[in-house]
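I open a notebook on a structure that is new to me. The entries follow the order in which I looked things up.

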Amino acid sequence: MTEKLLIKHGLIVTMDPADRVIWDGTIYVEGNLIRAIGPGSEIPDVPDAKVIDASGKIVIPGLISCHNHLYSAVVRSIPYSGFEAPDFSFVSWMDRFWLPLLEDRVDQSIMYAGTRANVADHIRGGITTTTDTAEGSYALPGALEAVDKACIDTGIRAVLSFETTGRISEENAALGLQENIDHIKRCRSRDYDRITGRIGVHTTYTCSTDLLQEVKKSADELGAGYMMHHLDDRWHHFDTCRRFGKRPTRYLADIGFLSPNLILFHCSYIDQWQDPPIFKQYDVKVAHNAESNAIFSFWPDMLHLIREGVTVGLGTDGQVFNYFEVMRTAQMIHRIKSENPELMKDDQVLRMATIDAARVLQMEDQIGSLEAGKKADIVILADHSTVPLFEVNVKNYIVGTSERSDVNTVIIDGEVIMSDNQFVKFDEQEVRAKSKEEAIRLWKRNDWPIPQAA
(Lines give C-alpha, C1' and ligand atoms only; values in the text may rest on other atoms or scores of the structure.)
Protein backbone atom coordinates (compact mmCIF):
# COMPACT_ATOMS: atom_id res chain seq x y z
CA MET A 1 0.00 0.00 0.00
CA THR A 2 1.33 3.43 -0.97
CA GLU A 3 2.17 5.60 2.03
CA LYS A 4 0.33 8.92 2.19
CA LEU A 5 1.26 11.98 4.25
CA LEU A 6 -0.47 15.28 4.90
CA ILE A 7 1.73 17.99 6.39
CA LYS A 8 -0.68 20.63 7.64
CA HIS A 9 -0.68 24.16 9.04
CA GLY A 10 3.00 24.94 8.34
CA LEU A 11 4.67 28.14 7.18
CA ILE A 12 5.97 26.68 3.91
CA VAL A 13 9.04 28.15 2.22
CA THR A 14 8.83 26.52 -1.21
CA MET A 15 11.93 27.90 -3.04
CA ASP A 16 9.89 27.31 -6.20
CA PRO A 17 10.13 29.53 -9.34
CA ALA A 18 7.48 31.85 -7.93
CA ASP A 19 9.34 31.94 -4.60
CA ARG A 20 6.11 31.31 -2.71
CA VAL A 21 5.87 31.39 1.05
CA ILE A 22 2.57 29.80 2.06
CA TRP A 23 0.76 30.63 5.29
CA ASP A 24 -1.13 27.78 6.97
CA GLY A 25 0.02 25.55 4.15
CA THR A 26 -0.50 21.89 3.38
CA ILE A 27 1.68 19.42 1.50
CA TYR A 28 0.18 16.14 0.31
CA VAL A 29 2.71 13.35 -0.24
CA GLU A 30 1.87 10.07 -1.92
CA GLY A 31 4.63 7.49 -2.09
CA ASN A 32 7.87 9.38 -2.64
CA LEU A 33 6.38 12.37 -4.46
CA ILE A 34 4.74 15.64 -3.53
CA ARG A 35 1.31 15.49 -5.14
CA ALA A 36 -0.12 18.82 -4.00
CA ILE A 37 1.05 21.91 -2.13
CA GLY A 38 -0.76 25.11 -1.25
CA PRO A 39 -2.91 26.85 1.33
CA GLY A 40 -4.67 24.37 3.56
CA SER A 41 -8.05 25.65 2.40
CA GLU A 42 -7.26 24.48 -1.15
CA ILE A 43 -6.09 20.94 -0.40
CA PRO A 44 -8.70 18.47 0.82
CA ASP A 45 -8.08 15.91 3.53
CA VAL A 46 -7.13 12.41 2.45
CA PRO A 47 -8.91 9.90 4.72
CA ASP A 48 -6.15 7.27 4.89
CA ALA A 49 -3.20 9.68 5.05
CA LYS A 50 -0.94 10.08 8.07
CA VAL A 51 -1.18 13.68 9.31
CA ILE A 52 1.83 15.63 10.52
CA ASP A 53 0.81 18.78 12.33
CA ALA A 54 3.26 21.56 11.44
CA SER A 55 1.44 24.26 13.39
CA GLY A 56 3.91 26.86 14.61
CA LYS A 57 6.66 25.35 12.46
CA ILE A 58 8.53 26.18 9.25
CA VAL A 59 8.55 23.74 6.34
CA ILE A 60 11.46 23.92 3.89
CA PRO A 61 12.94 21.77 1.12
CA GLY A 62 15.53 19.27 2.27
CA LEU A 63 18.97 20.87 2.29
CA ILE A 64 21.54 19.62 -0.24
CA SER A 65 25.29 19.29 0.27
CA CYS A 66 27.25 19.35 -3.00
CA HIS A 67 30.49 17.96 -1.57
CA ASN A 68 31.42 15.60 1.22
CA HIS A 69 33.78 12.95 2.51
CA LEU A 70 31.32 11.02 4.62
CA TYR A 71 33.70 8.45 6.10
CA SER A 72 35.64 11.25 7.79
CA ALA A 73 33.35 11.26 10.82
CA VAL A 74 35.92 8.86 12.28
CA VAL A 75 38.75 11.39 11.91
CA ARG A 76 37.14 14.33 13.69
CA SER A 77 38.81 15.49 16.91
CA ILE A 78 41.79 13.19 16.40
CA PRO A 79 44.49 13.20 19.12
CA TYR A 80 47.08 14.61 16.68
CA SER A 81 46.29 17.14 13.95
CA GLY A 82 49.60 17.49 12.16
CA PHE A 83 49.32 21.28 12.28
CA GLU A 84 52.09 21.62 14.85
CA ALA A 85 54.93 20.95 12.40
CA PRO A 86 56.86 24.14 11.53
CA ASP A 87 56.65 23.55 7.76
CA PHE A 88 52.87 23.71 7.71
CA SER A 89 51.16 24.40 4.43
CA PHE A 90 48.08 22.65 3.16
CA VAL A 91 49.90 20.56 0.55
CA SER A 92 52.67 19.54 2.96
CA TRP A 93 50.07 18.66 5.60
CA MET A 94 48.28 16.49 3.04
CA ASP A 95 51.52 14.75 2.02
CA ARG A 96 52.93 13.99 5.48
CA PHE A 97 49.75 13.66 7.54
CA TRP A 98 46.37 13.27 5.87
CA LEU A 99 47.34 10.89 3.08
CA PRO A 100 49.69 8.47 4.89
CA LEU A 101 48.13 8.47 8.36
CA LEU A 102 44.44 8.76 7.54
CA GLU A 103 43.36 8.29 3.95
CA ASP A 104 45.77 5.42 3.21
CA ARG A 105 44.71 3.60 6.39
CA VAL A 106 40.99 3.72 5.73
CA ASP A 107 39.34 0.35 5.16
CA GLN A 108 35.80 -0.67 4.30
CA SER A 109 34.78 -1.09 7.95
CA ILE A 110 35.84 2.49 8.70
CA MET A 111 34.07 3.73 5.57
CA TYR A 112 30.81 2.07 6.57
CA ALA A 113 30.89 3.24 10.19
CA GLY A 114 32.06 6.75 9.42
CA THR A 115 29.52 7.22 6.65
CA ARG A 116 26.61 6.15 8.85
CA ALA A 117 27.71 8.51 11.63
CA ASN A 118 28.20 11.45 9.29
CA VAL A 119 24.88 10.83 7.59
CA ALA A 120 23.15 10.82 10.97
CA ASP A 121 24.67 14.22 11.74
CA HIS A 122 23.68 15.55 8.33
CA ILE A 123 20.09 14.38 8.58
CA ARG A 124 19.82 15.83 12.08
CA GLY A 125 20.87 19.12 10.50
CA GLY A 126 18.23 19.01 7.79
CA ILE A 127 20.41 17.71 4.95
CA THR A 128 18.44 15.21 2.88
CA THR A 129 20.82 14.89 -0.08
CA THR A 130 24.59 14.61 0.11
CA THR A 131 27.32 14.28 -2.51
CA ASP A 132 30.18 12.05 -1.44
CA THR A 133 33.72 11.54 -2.66
CA ALA A 134 34.95 8.46 -0.83
CA GLU A 135 38.66 8.34 -0.04
CA GLY A 136 40.71 5.26 0.75
CA SER A 137 42.82 3.96 -2.10
CA TYR A 138 43.79 0.81 -0.19
CA ALA A 139 40.14 -0.05 0.46
CA LEU A 140 39.72 -1.02 -3.20
CA PRO A 141 37.88 -2.80 -4.60
CA GLY A 142 34.58 -2.60 -2.74
CA ALA A 143 34.94 0.77 -1.03
CA LEU A 144 31.80 2.20 -2.60
CA GLU A 145 29.81 -0.89 -1.68
CA ALA A 146 30.48 -0.06 1.99
CA VAL A 147 29.49 3.60 1.54
CA ASP A 148 26.44 2.64 -0.51
CA LYS A 149 25.23 0.23 2.18
CA ALA A 150 25.67 2.88 4.88
CA CYS A 151 23.60 5.37 2.90
CA ILE A 152 20.85 2.84 2.25
CA ASP A 153 20.78 1.82 5.91
CA THR A 154 20.35 5.43 7.04
CA GLY A 155 17.95 6.51 4.29
CA ILE A 156 19.74 9.57 2.92
CA ARG A 157 19.60 10.56 -0.72
CA ALA A 158 23.17 10.49 -2.00
CA VAL A 159 25.33 10.97 -5.06
CA LEU A 160 28.35 8.73 -4.49
CA SER A 161 31.78 8.59 -6.07
CA PHE A 162 35.25 7.28 -5.32
CA GLU A 163 38.27 9.56 -5.41
CA THR A 164 40.30 8.22 -8.32
CA THR A 165 43.93 9.29 -7.95
CA GLY A 166 47.21 8.68 -9.71
CA ARG A 167 49.44 9.39 -6.74
CA ILE A 168 49.99 5.71 -5.82
CA SER A 169 50.29 3.81 -9.11
CA GLU A 170 48.68 3.37 -12.50
CA GLU A 171 47.17 0.13 -11.26
CA ASN A 172 45.58 1.84 -8.27
CA ALA A 173 44.25 4.62 -10.49
CA ALA A 174 42.63 2.01 -12.72
CA LEU A 175 41.05 0.36 -9.67
CA GLY A 176 39.63 3.71 -8.55
CA LEU A 177 38.12 4.50 -11.92
CA GLN A 178 36.61 1.02 -12.21
CA GLU A 179 35.13 1.39 -8.70
CA ASN A 180 33.17 4.39 -9.95
CA ILE A 181 32.07 2.69 -13.15
CA ASP A 182 30.89 -0.43 -11.32
CA HIS A 183 28.96 1.63 -8.77
CA ILE A 184 27.16 3.68 -11.42
CA LYS A 185 26.13 0.50 -13.22
CA ARG A 186 25.02 -1.09 -9.92
CA CYS A 187 22.82 1.92 -9.11
CA ARG A 188 21.22 1.82 -12.54
CA SER A 189 20.47 -1.89 -12.33
CA ARG A 190 18.30 -1.79 -9.21
CA ASP A 191 14.92 -0.36 -8.26
CA TYR A 192 16.26 1.64 -5.31
CA ASP A 193 16.94 5.05 -6.85
CA ARG A 194 17.75 7.14 -3.78
CA ILE A 195 21.46 6.52 -4.47
CA THR A 196 23.09 7.57 -7.73
CA GLY A 197 26.69 7.76 -8.87
CA ARG A 198 29.24 10.04 -10.48
CA ILE A 199 32.90 9.48 -11.29
CA GLY A 200 35.16 11.05 -8.67
CA VAL A 201 38.75 12.14 -9.22
CA HIS A 202 41.14 13.81 -6.81
CA THR A 203 42.81 16.84 -8.39
CA THR A 204 45.19 18.11 -11.05
CA TYR A 205 48.39 17.67 -9.05
CA THR A 206 47.82 13.98 -8.26
CA CYS A 207 46.55 12.94 -11.68
CA SER A 208 48.18 12.77 -15.09
CA THR A 209 46.63 14.32 -18.16
CA ASP A 210 45.95 10.82 -19.48
CA LEU A 211 44.09 9.86 -16.30
CA LEU A 212 41.94 12.99 -16.34
CA GLN A 213 41.08 12.43 -19.98
CA GLU A 214 40.22 8.80 -19.24
CA VAL A 215 37.87 9.94 -16.45
CA LYS A 216 36.11 12.32 -18.84
CA LYS A 217 35.91 9.66 -21.56
CA SER A 218 34.45 7.11 -19.14
CA ALA A 219 31.88 9.62 -17.85
CA ASP A 220 30.82 10.48 -21.40
CA GLU A 221 30.47 6.83 -22.37
CA LEU A 222 28.30 6.18 -19.31
CA GLY A 223 26.31 9.40 -19.69
CA ALA A 224 27.33 10.18 -16.11
CA GLY A 225 28.52 13.23 -14.22
CA TYR A 226 32.00 13.53 -12.76
CA MET A 227 33.60 15.73 -10.09
CA MET A 228 36.96 16.84 -8.75
CA HIS A 229 38.74 19.06 -6.22
CA HIS A 230 39.98 22.23 -7.85
CA LEU A 231 42.17 25.06 -6.57
CA ASP A 232 41.49 24.52 -2.89
CA ASP A 233 45.14 25.47 -2.34
CA ARG A 234 47.62 27.73 -4.16
CA TRP A 235 49.80 24.70 -4.90
CA HIS A 236 47.52 23.81 -7.83
CA HIS A 237 48.67 26.98 -9.62
CA PHE A 238 52.35 26.30 -9.01
CA ASP A 239 52.07 22.69 -10.10
CA THR A 240 50.25 23.14 -13.41
CA CYS A 241 52.24 26.24 -14.33
CA ARG A 242 55.47 24.33 -13.69
CA ARG A 243 54.38 21.22 -15.59
CA PHE A 244 52.34 22.71 -18.42
CA GLY A 245 52.90 26.46 -18.47
CA LYS A 246 49.21 27.00 -17.81
CA ARG A 247 47.00 27.83 -14.86
CA PRO A 248 44.78 24.93 -13.75
CA THR A 249 41.45 26.05 -15.22
CA ARG A 250 42.94 26.83 -18.65
CA TYR A 251 44.83 23.54 -18.55
CA LEU A 252 41.61 21.60 -17.87
CA ALA A 253 39.87 23.42 -20.71
CA ASP A 254 42.69 22.71 -23.14
CA ILE A 255 42.76 18.96 -22.39
CA GLY A 256 38.99 18.70 -22.95
CA PHE A 257 38.09 18.03 -19.32
CA LEU A 258 35.47 20.74 -18.75
CA SER A 259 31.77 20.21 -19.46
CA PRO A 260 28.29 20.85 -18.00
CA ASN A 261 28.49 17.45 -16.29
CA LEU A 262 31.48 18.48 -14.15
CA ILE A 263 31.34 19.66 -10.54
CA LEU A 264 34.48 21.35 -9.22
CA PHE A 265 34.87 21.51 -5.44
CA HIS A 266 36.26 24.51 -3.53
CA CYS A 267 37.70 26.77 -6.27
CA SER A 268 39.17 28.96 -3.54
CA TYR A 269 42.10 30.21 -5.60
CA ILE A 270 40.73 30.59 -9.12
CA ASP A 271 41.97 33.42 -11.28
CA GLN A 272 39.14 35.84 -10.55
CA TRP A 273 39.44 37.59 -13.92
CA GLN A 274 40.17 34.77 -16.34
CA ASP A 275 38.47 31.72 -14.84
CA PRO A 276 34.79 32.73 -14.40
CA PRO A 277 34.20 33.17 -18.16
CA ILE A 278 35.78 29.75 -18.75
CA PHE A 279 33.50 28.17 -16.14
CA LYS A 280 30.50 29.85 -17.78
CA GLN A 281 31.56 28.84 -21.29
CA TYR A 282 31.59 25.16 -20.35
CA ASP A 283 28.71 25.42 -17.83
CA VAL A 284 30.89 23.90 -15.10
CA LYS A 285 29.20 23.63 -11.69
CA VAL A 286 30.86 24.63 -8.38
CA ALA A 287 30.56 23.28 -4.82
CA HIS A 288 31.46 26.05 -2.35
CA ASN A 289 32.53 24.64 1.04
CA ALA A 290 32.56 27.85 3.03
CA GLU A 291 33.04 26.59 6.56
CA SER A 292 35.54 23.88 5.72
CA ASN A 293 37.60 26.35 3.68
CA ALA A 294 37.53 28.89 6.50
CA ILE A 295 38.74 26.29 9.00
CA PHE A 296 41.74 25.59 6.76
CA SER A 297 42.40 29.35 6.47
CA PHE A 298 41.35 29.52 2.81
CA TRP A 299 39.38 32.55 1.73
CA PRO A 300 37.31 31.65 -1.31
CA ASP A 301 35.42 34.24 -3.33
CA MET A 302 32.41 33.00 -5.28
CA LEU A 303 31.12 36.43 -6.26
CA HIS A 304 32.88 36.63 -9.62
CA LEU A 305 31.59 33.18 -10.54
CA ILE A 306 28.04 34.03 -9.44
CA ARG A 307 28.13 37.36 -11.31
CA GLU A 308 29.25 35.47 -14.42
CA GLY A 309 26.19 33.21 -14.08
CA VAL A 310 28.01 30.07 -12.95
CA THR A 311 25.90 27.66 -10.86
CA VAL A 312 27.25 27.55 -7.30
CA GLY A 313 25.90 25.38 -4.48
CA LEU A 314 27.08 24.80 -0.93
CA GLY A 315 28.87 21.77 0.50
CA THR A 316 30.02 20.48 3.86
CA ASP A 317 33.27 18.65 2.99
CA GLY A 318 32.94 15.95 5.62
CA GLN A 319 34.37 17.49 8.75
CA VAL A 320 31.50 19.92 9.29
CA PHE A 321 27.80 19.13 9.17
CA ASN A 322 25.87 22.13 10.54
CA TYR A 323 24.41 23.53 7.33
CA PHE A 324 23.02 26.58 9.06
CA GLU A 325 26.59 27.44 10.08
CA VAL A 326 27.75 26.76 6.52
CA MET A 327 25.16 29.19 5.15
CA ARG A 328 26.15 31.86 7.65
CA THR A 329 29.86 31.34 6.94
CA ALA A 330 29.30 31.66 3.20
CA GLN A 331 27.49 34.91 3.83
CA MET A 332 30.00 36.33 6.29
CA ILE A 333 33.27 35.57 4.50
CA HIS A 334 32.09 37.35 1.36
CA ARG A 335 30.73 40.35 3.27
CA ILE A 336 33.93 40.68 5.31
CA LYS A 337 36.20 40.31 2.31
CA SER A 338 34.38 43.00 0.34
CA GLU A 339 33.32 45.06 3.38
CA ASN A 340 29.79 45.07 2.02
CA PRO A 341 26.83 43.85 4.14
CA GLU A 342 24.55 43.82 1.09
CA LEU A 343 26.32 40.85 -0.49
CA MET A 344 25.08 37.27 -0.27
CA LYS A 345 21.54 38.08 0.75
CA ASP A 346 19.57 35.51 2.74
CA ASP A 347 17.48 34.40 -0.24
CA GLN A 348 20.60 33.80 -2.34
CA VAL A 349 22.36 31.82 0.37
CA LEU A 350 19.29 29.67 1.01
CA ARG A 351 19.06 28.97 -2.71
CA MET A 352 22.69 27.85 -2.70
CA ALA A 353 21.68 25.25 -0.10
CA THR A 354 18.53 24.13 -1.92
CA ILE A 355 17.53 24.73 -5.54
CA ASP A 356 20.94 25.98 -6.75
CA ALA A 357 22.57 22.99 -5.06
CA ALA A 358 20.11 20.78 -6.93
CA ARG A 359 21.18 22.46 -10.18
CA VAL A 360 24.82 21.71 -9.35
CA LEU A 361 23.84 18.02 -9.15
CA GLN A 362 21.68 18.34 -12.29
CA MET A 363 18.73 17.17 -10.18
CA GLU A 364 16.67 20.36 -10.08
CA ASP A 365 13.74 18.54 -11.72
CA GLN A 366 13.59 16.21 -8.69
CA ILE A 367 14.75 18.04 -5.56
CA GLY A 368 15.67 21.48 -4.22
CA SER A 369 12.20 23.00 -3.94
CA LEU A 370 8.76 22.04 -2.69
CA GLU A 371 6.63 21.56 -5.80
CA ALA A 372 4.04 19.07 -6.99
CA GLY A 373 5.76 16.28 -8.89
CA LYS A 374 9.09 16.56 -7.09
CA LYS A 375 10.56 14.11 -4.62
CA ALA A 376 9.20 14.43 -1.10
CA ASP A 377 12.40 15.61 0.60
CA ILE A 378 11.02 17.84 3.34
CA VAL A 379 12.35 19.35 6.55
CA ILE A 380 10.21 20.78 9.35
CA LEU A 381 11.86 23.35 11.63
CA ALA A 382 10.68 24.43 15.05
CA ASP A 383 9.96 28.15 15.29
CA HIS A 384 12.07 29.47 18.17
CA SER A 385 11.99 33.00 16.86
CA THR A 386 11.58 35.93 19.24
CA VAL A 387 9.53 37.80 16.63
CA PRO A 388 6.64 36.77 14.38
CA LEU A 389 7.72 35.07 11.16
CA PHE A 390 6.08 35.76 7.80
CA GLU A 391 6.96 36.14 4.10
CA VAL A 392 9.30 39.07 4.62
CA ASN A 393 11.58 37.70 7.34
CA VAL A 394 11.35 33.88 7.40
CA LYS A 395 14.39 33.38 5.15
CA ASN A 396 16.39 35.74 7.31
CA TYR A 397 15.44 33.59 10.30
CA ILE A 398 16.43 30.35 8.56
CA VAL A 399 19.82 31.65 7.42
CA GLY A 400 20.62 34.00 10.28
CA THR A 401 19.22 32.30 13.38
CA SER A 402 18.18 28.66 12.87
CA GLU A 403 20.25 25.85 14.35
CA ARG A 404 20.46 22.08 13.95
CA SER A 405 18.47 21.76 17.16
CA ASP A 406 15.53 23.41 15.36
CA VAL A 407 15.25 20.49 12.92
CA ASN A 408 12.19 18.62 14.15
CA THR A 409 11.20 16.25 11.35
CA VAL A 410 13.03 15.02 8.26
CA ILE A 411 11.33 13.25 5.37
CA ILE A 412 13.39 11.77 2.52
CA ASP A 413 11.77 10.29 -0.56
CA GLY A 414 8.47 10.30 1.30
CA GLU A 415 9.90 8.28 4.20
CA VAL A 416 9.93 9.79 7.69
CA ILE A 417 13.54 9.39 8.82
CA MET A 418 13.37 11.60 11.91
CA SER A 419 10.24 12.59 13.80
CA ASP A 420 10.07 15.00 16.73
CA ASN A 421 13.90 15.00 16.97
CA GLN A 422 14.08 11.19 17.14
CA PHE A 423 15.38 8.90 14.41
CA VAL A 424 12.90 6.24 13.38
CA LYS A 425 15.02 4.68 10.62
CA PHE A 426 18.01 3.55 12.70
CA ASP A 427 19.49 3.46 16.20
CA GLU A 428 21.53 6.65 16.54
CA GLN A 429 23.39 5.50 19.64
CA GLU A 430 24.52 2.28 17.96
CA VAL A 431 25.72 4.28 14.95
CA ARG A 432 27.82 6.59 17.13
CA ALA A 433 29.21 3.73 19.22
CA LYS A 434 30.41 1.89 16.12
CA SER A 435 32.06 5.05 14.79
CA LYS A 436 33.95 5.44 18.07
CA GLU A 437 35.15 1.86 17.88
CA GLU A 438 36.51 2.38 14.40
CA ALA A 439 38.15 5.69 15.39
CA ILE A 440 40.05 3.98 18.23
CA ARG A 441 41.18 1.23 15.86
CA LEU A 442 42.60 3.88 13.52
CA TRP A 443 44.28 5.74 16.40
CA LYS A 444 45.96 2.54 17.55
CA ARG A 445 47.38 1.96 14.08
CA ASN A 446 48.98 5.42 14.24
CA ASP A 447 50.16 5.01 17.85
CA TRP A 448 48.14 8.04 18.95
CA PRO A 449 46.83 8.51 22.52
CA ILE A 450 43.65 6.59 23.28
CA PRO A 451 41.29 6.75 26.26
CA GLN A 452 42.38 4.42 29.08
CA ALA A 453 38.96 2.76 29.08
CA ALA A 454 39.51 1.69 25.50
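**Backbone notes**

I began with Met344, which sits in the loop between helix 11 (323-338) and helix 12 (346-353). The model is a predicted one, and I kept that in mind for each entry. Met344 is not a glycine, yet I found its phi to be positive, about 50 degrees. I looked up its accessibility next: Met344 counts as buried, because its relative accessibility is 2%. For context I noted that most residues other than glycine have a negative phi, and that most peptide bonds are trans.

I then turned to Asp413, in the loop between strand 16 (407-412) and strand 17 (415-419). Asp413 also has a positive phi without being a glycine, with a value near 60 degrees. Is Asp413 buried or exposed? At 11% relative accessibility, Asp413 is buried, since the cut-off for buried is under 20%.

The bond from Leu140 to Pro141 is cis, and its omega is near -10 degrees. I placed Pro141 in the loop between strand 7 (127-134) and helix 3 (143-154).

**Helix 2 with helix 3**

Two packed helices are described by the angle between their axes and the distance between the axes. Helix 2 (residues 108-124) packs with helix 3 at an angle of about 35 degrees, and their axes are 8 Å apart. I recorded the crossing of helix 2 and helix 3 as right-handed.

Which residues meet there? On the helix 2 side I listed Gln108, Met111, Tyr112, Thr115, Arg116, Val119 and Ile123. On the helix 3 side I listed Ala143, Ala146, Val147, Lys149, Ala150, Cys151, Asp153 and Thr154. Sorted by class, the contact of helix 2 with helix 3 holds nine nonpolar, three polar and three charged residues.

**Helix 4 with helix 5**

Helix 4 (residues 170-188) and helix 5 (residues 209-222) have axes 11 Å apart and pack at an angle of about 15 degrees. Helix 4 is therefore roughly parallel to helix 5, as angles under 35 degrees count as roughly parallel. The crossing of helix 4 with helix 5 is right-handed.

Helix 4 contributes Ala173, Leu177, Ile181, Ile184, Lys185 and Arg188 to the contact. These meet Leu211, Glu214, Val215, Ser218 and Leu222 of helix 5. By class I noted seven nonpolar, one polar and three charged residues in the contact of helix 4 with helix 5.

**Cysteines**

How many disulfides does the structure hold? I found zero. Cys66 is in no disulfide, and the nearest cysteine sulfur, that of Cys267, is 12 Å away. I wrote down the reason: the sulfur of Cys267 is 12 Å from that of Cys66, its closest cysteine sulfur, and this is too far for a bond, because a disulfide needs the two sulfur atoms within 2.5 Å. Cys66 is buried at 0% relative accessibility, and Cys267 is buried with a relative accessible area of 0%.

**Asn289**

Asn289 is buried, at 0% relative accessibility. What does Asn289 contact, leaving aside its neighbours within four places in sequence? I listed His67, Phe265, His266, Gly315, Thr316 and Asp317. Of these I followed up Asp317: its C-alpha atom is 6.3 Å from that of Asn289, while the two residues are 28 residues apart along the chain.

Methods
Residues numbered from 1 in each chain as written. Predicted model: local features only at pLDDT ≥ 70, side-chain atom pairs only at ≥ 80, totals over all residues. Heavy atoms only, no water. Buried < 20%, exposed > 50% of the residue type's maximum accessible area, 1.4 Å probe, protein only. Axes fitted to C-alpha atoms, helices over the stretch in contact; angles between N-to-C directions. Helix = DSSP H or I, 4+ residues; strand = E, 2+ residues; numbered from the N terminus. Parallel < 35°, antiparallel > 145°, perpendicular 65-115°, else oblique. Left-handed = near helix turned anticlockwise from the far one by under 90°. Contact = heavy atoms within 4.5 Å. Nonpolar A, V, L, I, M, F, W, Y, C, P; charged D, E, K, R; others polar.
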